[in-house]
Amino acid sequence: MLQKTGRGLLAFLLIVLEWTRPSLPSPLRPICDLRVLNHFIKEAQDAEAAMKTCREGCTLSESVVVPQTTVDFDVWEKKNASAKAEEVQSGLWLLQQAFNFLRTSVTNAALHSHIDNAVRNLLSVNAVLRSLNIQEFTPQANGAEIEGTWRASSAAELLQVYVNFLRGKARLLLLDAQACQQDVS
């Protein structure tokens, strides 16, 4: 009887050790709560407000390419998940490039923290997409193949695009994510 108990205890310990083994990374759990995105949107709106009140050292030295933020819902609904993901990830990449350029143009130190935070939040949105098993897409280095773009000529315009992109296409992609769909059967 002691032998059976010992083997059962050993099996139990092996199971526990397997679960807690630190050498294997745990898979990302889906982040389906839109409050995460809402937090990023709120911070983007704060940055936009700060940019609008800036009087010196807060201009773009030249216009930057940004994603279109308008959504034709009939066209969006007809796109497959991969095309939607590619469009959103391309837009996030363009915004990141634009913010990196803005960082070099802006001399106002107070705005640097907003710009750095925007870049960190863009990376976080990409991490959220990865947690939802949305296939990653990275445009070519020059971004020439990205469709649906235009040019922002001011920092305030760039931040407005950022807010609208998060509120529009990024939100729609998260709402449509397969990992967040509840099984209704």
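Here is a quick briefing, grouped by topic.

This is a predicted model, where local features need pLDDT of at least 70, side-chain atom pairs count only at pLDDT 80 or more, and totals for chains, interfaces and linings use all residues. Residues are numbered from 1 along each chain as its sequence is written, and side-chain values use heavy atoms, with hydrogens and water left out. The protein chain has 6 helices and 2 strands, and its largest pocket holds about 350 Å³ of space.

**Overall build**

- Going along the sequence, the elements come in the order α-α-β-α-α-α-β-α; helices (H or I, at least four residues) and strands (E, at least two) are DSSP runs, numbered from the N terminus.
- Of the 185 residues in the protein chain, 36% are buried (buried is under 20% relative accessible area, exposed over 50%, and partly exposed in between, with a 1.4 Å probe and protein chains only).
- Among contacts with a separation of 6 or more, 86% come from residues 24 or more positions apart; a contact means heavy atoms within 4.5 Å.
- The protein chain exposes about 11,700 Å², with carbon and sulfur atoms supplying 55% of that (areas come from the Shrake-Rupley method with a 1.4 Å probe, and for residues only the protein chains shown count as cover).

**The largest pocket**

- A pocket is an open set of points on a 1 Å grid over the protein atoms alone, with protein on both sides within 12 Å along at least five of seven lines; a cavity is a set of points where a 1.4 Å probe fits but cannot get out, and lining residues have an atom within 4 Å of a point.
- Grid points are joined across faces, edges and corners, and a volume is the space filled by probe spheres set on the points.
- The largest pocket is lined by 20 residues, and K79, E87, E147, G148 and K169 are the ones that lie nearest its centre.
- Helices α3 (73–78), α4 and α6 each bring at least two residues to this lining, and α4 gives the most, with 5.
- The pocket lining has 8 nonpolar, 5 polar and 7 charged residues (Ala, Val, Leu, Ile, Met, Phe, Trp, Tyr, Cys and Pro count as nonpolar, Asp, Glu, Lys and Arg as charged, and the others, Gly among them, as polar).

**The cavity**

- I31, C32, D33, L34, V36, L37, V128 and L174 line the largest cavity: 7 nonpolar, no polar and 1 charged.
- Helix α2 (residues 34–53) gives the most to that lining, with 3 residues.

**An aromatic pair**

- There is 1 aromatic pair: F99 and Y162 sit edge-to-face, 5.0 Å centre to centre with 75° between the planes.
- F99 lies in helix α4 (residues 81–105) and Y162 in helix α6 (residues 155–176), so the pair ties together parts that are 63 residues apart in sequence.
- Rings of Phe, Tyr and Trp (its six-membered ring) pair if their centres lie within 6.5 Å; planes under 30 degrees apart are stacked, over 60 edge-to-face and the rest tilted.
- Both F99 and Y162 are buried.

**The loop between α5 and β2**

- N133 is in the loop between α5 (109–131) and β2 (149–152), and its phi is near 60°, a positive value in a residue other than glycine.
- N133 counts as exposed, at 69% relative accessibility.
- Q140 is in the loop between α5 and β2 too, and it is exposed with a relative accessible area of 53%.
- Q140 and S90 are 50 residues apart in sequence, and 9.7 Å apart in space from C-alpha to C-alpha.
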